[in-house]
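Please read it alongside the sequence and the 3D view.

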Amino acid sequence: MQTVTLSLKEKNAVPIEADSVNTDNFASKPKDEIGAILVWYGNAQVAVDDLFDVVVDGFGSVDEMKIIINGDVSRVKRIGQGMSAGEIEINSNVDMHCGSNMTGGKITINGDADSWVGCEMKGGEIVVNGNGGYYVGGGYRGEACGMKGGKITVTGNVRDYLGEHMCGGEIVVKGNAGLLPGISNNGGSIIIEGNTTMPASEMMKGTIIIKGTVLDFLPSFTEDGTEDVDGVTYRKFAGDINAGGKGVLLIK
Amino acid sequence: MSELLIKNAVVCDPINNINCVKMDISIKDGKIVESVSSGAKVIDAGGKLTMAGGVDGHTHCAGKINVGRFMSPHDMRMTNVPGLSGKEAPTATTRAQVGYNTPNAFAIGYRYAKLGYTTIGEAAIPIIGARHTHEEFEAIPILDKFGLTLFGSNWQVMEYIRDDEPEKLAAYVAWGLKASRGYGIKIVNPGGGEAWGWGKNVSGLDDPVPNFDVTPAQIITALAETNEKLNLPHSIHLHCNNLGKPGNYETTIASMKLLENLKTSRDRQAMHVTHVQFNAYAGTSWRDFESGAPQVANYVNSADHLTFDLGQVIFGPAMTMTADGPVEYANSRMLHAKWSNMDVELEDASGVVPITYSPKMFVNAVQWAIGLELALLVDDPWKVMFTTDSPNGGSFVNYPEAYTYLMSAKRRTEVIEGLPEMALGRMNLPGIDRELDLYELAIMTRAMQSKIYSMDTKGHLGVGADADIAIYDLKPDSIDTTVEYAAVKKAFSSTAYTIKGGEVVVKDGEIAMTPEGRTYWVNAKVPQANTDAMQVDLAQKFKRYYTVNQANYMVEDAYLPHPVEITTEAL
Amino acid sequence: MAVITDAICSLCGSLCDDITVTVEDNVITDVERACILGRNKFVGMFLHDRIESPMIRKNGELVDVSYEEAIDEAAKILVNSKRTLSYGWCSTSCEAISKAIQLAEETGSLIDSTANVCHGPSALAVQEKGGPSATLGVVKNRADVMIFWGCNPAHAHPRHMRRYSSFSKGFFTQKGRKDRKMIVIDVRKTDTAKIADQYVEIDQGSDYLLVTALRSAINGHEDVIPDTVAGVSKEDILKLANTLKEAKFTCVFYGMGVTQSRSKYKNGDGVSSLISDLNQHSKAVMIGMRGHYNVTGYGQVSTWETGYPMAVDFTRGAPYYNPGETGANDVLTRGDVDAAIISAADAGAHFPQDSLKYLAKIPVIQIDPYANPTTELSDVVFPAAVVGVEAEGTAYRMDGISLRMKKLIDTKFKTDEEIVVDLINKVRELKRGA
Ligand code: SF4
Ligand SMILES: [Zn+2]
């Protein structure tokens, strides 16, 4: 087991881009090597230990790797990007693209996650103990698929375009979601426990369950009886018919 | 007065009948000369393969490609071909680079140069959009450029054909070439662009264009006659009707036959038919779809009035872009893909749709084979221009990969083994064992272009030619290209040297300098009386139908800072 | 006295190219055919506050300095910055835009256009679904149905309807307005709506709902449409859908009412899908009503030079693009940049309060012919020639047709392009020294 604790020395304004801060990149490295890993700070690259206090405890492969991040990292982007195993715990709000493209492992954010958390995610798990921003589990501009696998749980609310272009995986939002969640869903499954607006537009495949109130239900779904999930009966809709979609939308 | 001497080059120069012979090349002031002084800078090619700079006679590099870029930010980060795709930060010599199918303008210049290409031809310029094309040309570093101007659905053209006014037609085409600073006549799905103005298409050579009372066959024939009347350096450049439809090989052959008896004004083909892969489909639907390449190749072998290019498919993501508006709309509906369209007032249409060619898909697998079959079943390489119709069949950065398909049956077999069973029965490729040698490759990638575009300073290394030279890290006397295809691909992917106009622009696969290229255009002279008569009609078009004044329509000199004007006299 | 014909009006995205300008003693004394907006640009510039001299803020006051001193100071700001925002560049020439991009590339900056506050979402929509469009002349010659959705050309593009759309006459539309059905969809009855054949009033922010309902109707699923959608009755929706299906050629002109209302770019995305669906029945295209005369040109140049139409971030060397993260207001509201250069656009007048508050805190360089609210926020100011009047260059009309703007009168001021080139050279010099 190897635990690395990074504590941000001083809160930054211009964002730090920390895609190199991930378990795969840290695993089996001693403190000085981890400290020397470069991150982008504005248009220059600086070493991790210029910005963070680094404490390394133990030694281990990526599977036994845990990174703990303390301090206000609400302007540190891309933490955990592309990681394949191990664990990251962030005790702060965190900036955009946290856990994007990750294929395995787990990220826990004890705070709010800014937009694009878990975007293009392929596996693993992200838990946001707080709110999510825009495009939770979304994709990159122009790309056909956003999230393809793994699971994201947000205990609070999320903003617009949740799971945009999702092609697989699972998202659970305990609170409310903004506009157009699950737009162009092509195989993912989404559960929103709170309220939302205009869900499931252009859905091709996949399932979207909404337990709260749906505002502005889109006129592009056909009603198709009811379905019971975990003992709750939902009205079942199929669509989006304008996309020739065969997705399932369950609402109260 | 810069001099350069390339020693020990193993030269493959088909125009001058030199088949991989070790020799020296002398360069002075950007041209190839008999000899240089003893003070000349020396490059020792050390027995490496040396060819004239490649000429891509049909690529989409300026204008419509910007629509493709605009709709695909994700393309900018694609790294499908390492070293020739994806993002690169700027350096002291180079600007930032992005993209794969739709790279930014800087990357187009650098990457073609790395492949040993020094001249490229944009396949389609709408006259009213020509200023834009030339702005992008200027942004492409290193390479010389030329573009083909669209005339195949142009109102003035169709009216003159209908009204049987050949002199005015010639005057208009000459004017249109000048207005757009174009190099030749491009015809895309003749009449189809106009039909698409109403959401329709023309179904074949004899289906009249709505409201204009001319047929595609008449458009092809009349523009070909005009082409010869104007004595243009290139022939008409035809994208046939019914592109992309099963059974279209018949339309293609019928289109070719139209000009069997055309008398050409120059010693070159009467027509060039483009990206024939997309127009050599047999069958009646996608279910019984199969290769029509043998039928087309048979006809081409029997004919001596035409050349064509492949439009070879490369497996993976590509971006289709063409003035064939109805085809792109149909593609987008069939593929559930994004669709951009641009109808161009009085002149043409166009569309852009992304596509992915998968080796697992039966149709795509057969398409892949058809391009290669065309190249290998046509006996005379001087009739065949190598293209992928970049990025329609695939990005130009895949050319080295495609060369290996042409040069190695072993390599083809490897790919064929991964194709679906059903596709194998619909193609002829597994039974073809022809393997091109370096000489034939040189013909298809530079030498034949010199002839079909009448560019006597391009595509060869004889005295008087431009000193555009590619030296590849490959020794012809010690390589078996039919077996060592990995080495072939590697060598063609980044030159040891690319020399443009006598300057080393690429060394060991890295950009060494980035001079600005030139732009070739044709100023076709016609009798003033004909121009005056034509202008009366044209003035009406501008007054009533165009939304741009004639005074603001023609591309100004400012957009061609390095022009090469080719003047022709009408016959 | 000189009379210059076929001059181009460099004010709105209509880019009218039929203007006649009379110049006497290097002053424009008469303008023919331009609308009131355009006319004001040609003759009004002498009435406005021109910035007369380069200025630097010293002790809180902008004071006149030499051009060299201003270049020096501005270059220092750029070189010392971790991340600069370069913004605007839409009321200038493509040639200047190209240089501005090069400056951003060499300084590791982020560069964005005014599309950030107008039609940026249209680009995002194109990236979702494509842009099925046409040149304006196609509409003039063919369209028998035109929809103006969330735009008001009567005020913003005064000659648009006469030259290109409602009132224009073309080959298949010889009778002009009589040959066309004009429909306006908006949240309030604008002056454009007053002259339309049909006005469809929708609830604020409900564009996406209406688009969806229209698609369902056109695709033959009228059963799923409830009695009212977006404040419009089902009957009216079906009627409208039918009008579109039976049209020979439809053009949807859309404006900021579509791109800046709720669900922003998804509205344009939806319209694009609607156009695709409609082409199963008839012919249809869409054209964005771009405001600044060369905001379209910015998108074009940026796309061929960087791969992306706007919001391009060179902070890490190679360009990166992600509106929502790399847009001008994204970075200003979050305080993600530490300097700004603003040209040919008035951020001061058009940005939200949060952005302006942040701009006030960081060094700002302005290049502009006129003093405007941005000047108040600026630390280094360069006066510039008015492109399209005092300097020539290329601009793109809203439909992507490029035209060459003429130089009509002489000026003592440098062009945007010249100023940016001087900045590039100074930045290189400082970097070499460093
Ligand atoms: S409509 Fe626009 S371009 Fe035309 S004159 Fe008026 S302001 Fe100028
Ligand atoms: Zn082509």
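The model is predicted. Ligand 1 is surrounded by residues of chain C, among them Cys9(C), Cys12(C), Cys16(C) and Cys35(C). The points below take up this shell, a zinc site in chain B and an open sheet in chain A.

**The surroundings of ligand 1**
- The shell also includes Leu11(C), Ser14(C), Leu15(C), Ala34(C), Leu37(C) and Gly38(C), together with Pro158(C) and Arg159(C).
- Sorted by class, the shell around ligand 1 comprises 9 nonpolar, 2 polar and 1 charged residues.

**The zinc site in chain B**
- His60(B) belongs to the loop between strand S6 (54-59) and helix H1 (65-70), while Asp389(B) belongs to the loop between strand S18 (384-385) and helix H12 (399-407), so the pair ties together parts of chain B that are 329 residues apart in sequence.
- His60(B) has a relative accessible area of 5% and is buried.
- Asp389(B) is likewise buried, with a relative accessibility of 3%.

**The open sheet in chain A**
- Four strands form this sheet in the order S4-S3-S2-S7, and their pairing is mixed.
- Strand S4 (44-47) and strand S7 (76-77) are the edge strands, each of which pairs on one side only.
- Strand S2 (residues 16-17) and strand S3 (residues 38-41) of chain A are antiparallel and share 2 bridges.
- Glu17(A) has Trp40(A) in S3(A) as its bridge partner.

Note on methods: Residues numbered from 1 in each chain as written. Chains lettered and ligands numbered in written order. Predicted model: local features only at pLDDT ≥ 70, side-chain atom pairs only at ≥ 80, totals over all residues. Heavy atoms only, no water. Near = heavy atom within 4 Å. Nonpolar A, V, L, I, M, F, W, Y, C, P; charged D, E, K, R; others polar. Pairing = 2+ DSSP bridges. Donors = N, O, S within 2.8 Å, 3.2 Å for Na, K, Ca; no water. Buried < 20%, exposed > 50% of the residue type's maximum accessible area, 1.4 Å probe, protein only.
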